[in-house]
Amino acid sequence: MGAGTDATTLHHALVSSLQPQVAAVFFASAACTLALAVLLGSMRLRPPWWCACAVCEAYLTASWTGEFDNLCDWFAHLLRREPGRTVHVHVLGNVLTANPATVEHMLRGRFDNYPKGAPFSAILADFLGRGIFNVDGDAWLFQRKLAAAELAAPAIRAFAASVVASELRCRLIPLLHSASAAGQSGAEKLLDLQDVFRRFAFDCICRISFGLDPGCLELSLPMSAFADAFDTASMLSARRATAPMHVLWKLKRLLNIGDERELRDAIGLVDDLAAEVIRQRRKLGSAISGDDLLSRFMGSINDDKYLRDIVVSFMLAGRDTVASALTAFFLLLSDHPHVGDAIRHEVSRVSGERSDGQQPTIAASDTLKDMHYVHAALHECMRLFPPVQFDSKFAAGEDTLPDGTPVARGTRVTYHAYAMGRMESVWGADCAEFRPERWLRGGRFVPESPYRYPVFQGGVRVCIGKELAIMEMKSAIVAVVQSFDIETVGRSSRRPKFAPGLTATFAGGVPVRVRQRARSRCPPG
């Protein structure tokens, strides 16, 4: 009797202990069966995003990587072979174009039908909030008018020029001299030029935007936590756009896992610093007298979160684009040293100073305007390597593009500036060559239509920070080219490899060897 009771008790205990595991097995089996049924059903029903065409299959399987290093190069290849220079990637719901007539149609002719759109805004909403690059309509118009008025003010232009000159004279040029001296002493020091220019541009834009000096160009110090967080937020926000179904990143954000958790942490750091800077400025009240953008915007905006969104948006545009263009410029210059010789000749002629590097010129804005070859070389660089390789809008209503492509409401339409720079139909048979002379007529710079060259957009959305960015880039080019020869190591402009991001970034950086030119000496601090 006792033995039977023990056996019964043991049996019940085993059953009780196994019940949760059995239930879990049955639940998992049911979930897998349901998922399989949904998958098979979706394959039979062929949902809207499904497509078996050659382009979509190549995108989904990444088979294009067998021939191309970069997605942008594959897209350029696809666009070149299409008569209308337009292709539809159905799985992305994306019409891509490299047709100047279509770009003009989007940015001028039917501007109202091609806003940034809610899908784009959702991707960057956590990072840029209601900043100018992430809104449409009245919010966009208000910020554009406000920013255009401030950026055109002589005081802020003079302030920006003084910040750039200070960064060049006190940090960038001495840093390059140090790297060059180390090489001459036998302890060769390679610099990652992309990292150097990102630090330079971040220091400049932080001082111009916030009146804050993070000191990133002091290479003896680690990159600031703010700059690291800014990089991470930019990279991971861009990664959202590559997902075939946005529900994937939205689900990860809801669960706070993976990339989305890292993105939330990075944005939190950016928010904390921005909030503290704004709080300190508010505390000063009427004592505020700075020429930075934050100080000037605070007179018109009382909402601190809105203020943060606006200033962070300008920081993103002012840092990443400038750093990308300068990195690409010196990558091209390393492969085309004769362009450097021509720049030194022009600097010497215009400034009246020797171009042997004896004393690098920190050129004044008026002097920079007379340097037409430098201007042409910079524009030619951005033709081949636009800092923002493509820009997307979402059709508010049905439309037909100039090449006859039908566009349904809600379709993402993208003009691809990188591909356009490599189109024979746009730039001629020598489109792959780096040739600044194509921009000169009688020795003077002649601009192209913004719809053939949409690096700064066009129409009513043309970049309002264009002149400030060009001033910063030309100042850096003139100062560096006079004193140094920059030689890339293991990198070439002829076969670049890009990393994902909101702006064009070279994968693995751009290691360079810095050589001081003859009779050059370090400028006074």
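Trainee: In β7, which residue is the bridge partner of F394?

Mentor: Before the answer, note that this is a predicted model. The residue in β7 that bridges to F394 is R412. Another position in this pairing is D391, which stands opposite Y415 of β7. Altogether, four bridges join β4 to β7, the strand of residues 412–415, and the two run antiparallel.

Next, the sheet itself. Four strands make up an open sheet with mixed pairing, and their order is β1-β2-β7-β4. The edge positions belong to β1, residues 86–89, and β4, residues 391–394; each has a single partner strand, so one side of each is left without a neighbour in the sheet. From one strand to the next, the twist averages 25 degrees. Helix α4, residues 100–109, packs on this sheet and touches β1, β2 (94–97), β4 and β7. The direction of α4 makes about 120 degrees with that of β7.

On the side of β2, the pairing has the other sense. Strands of a sheet pair through backbone hydrogen bonds, either parallel or antiparallel. β2 and β7 run parallel and are joined by four bridges, whereas β4 and β7 run antiparallel.

Now the side chains of β7. In a regular strand the side chains alternate between the two faces of the sheet. In β7, R412 and T414 point one way, while V413 and Y415 point the other way. All of these residues are buried, R412 included.

E260 counts as buried because its relative accessibility is 6%. Apart from neighbours within four places in sequence, E260 is in contact with R240, W249, K252 and R253.

What covers the buried residues of α3 includes β1 and β2, along with α2, α17 (417–420) and β11 (498–499). Helix α3 is mostly covered, with seven of its 10 residues buried. These are C72, D73, W74, F75, A76, L78 and L79.

W74 leads on to the aromatic residues. In the whole structure, a search finds 20 aromatic pairs. In one of them, the ring centres of W64 and W74 are 6.0 Å apart and the planes are at 15 degrees, so this pair is stacked. W64 is in the loop between α2 (54–61) and α3 (71–80), W74 is in helix α3, and the two are 10 residues apart. W64 and W74 are both buried. A further pair is F202 with F226: the centres are 5.6 Å apart and the planes are at 50 degrees, so this pair is tilted. F202 lies in helix α8 (residues 193–209) and F226 in helix α9 (residues 225–240), so the pair ties together parts that are 24 residues apart in sequence. F202 and F226 are buried as well. Ring pairs also link these two with F127 and F230 into a cluster.

Rings can also carry a charge over the face. R422 lies over the face of Y418, at 3.9 Å from the ring centre. At W140, the charged end of R461 sits over the ring, 4.7 Å from its centre.

Five bridges connect β10 to β13, residues 511–516, in the antiparallel sense. Within that pair, D485 stands opposite R515 of β13.

Last, the cysteines. The structure holds zero disulfides. C170 is partly exposed, with a relative accessible area of 39%, whereas C381 is buried, with a relative accessible area of 0%.

Definitions and conventions. Residues are numbered from 1 along each chain as its sequence is written. This is a predicted model: local features need pLDDT of at least 70, side-chain atom pairs count only at pLDDT 80 or more; totals for chains, interfaces and linings use all residues. Side-chain values use heavy atoms; hydrogens and water are left out. Two strands pair if DSSP finds at least two bridges between them. Axes are lines fitted to C-alpha atoms, for helices over the stretch in contact, and angles run from 0 to 180 degrees between N-to-C directions. Contact means heavy atoms within 4.5 Å. Buried means under 20% relative accessible area, exposed over 50%, partly exposed in between (1.4 Å probe, protein chains only). Rings of Phe, Tyr and Trp (its six-membered ring) pair if their centres lie within 6.5 Å; planes under 30 degrees apart count as stacked, over 60 as edge-to-face and the rest as tilted. A charge sits over a ring if NZ of Lys or CZ of Arg is within 6 Å of the ring centre and within 35 degrees of the ring normal. A disulfide is a pair of cysteine sulfur atoms within 2.5 Å.
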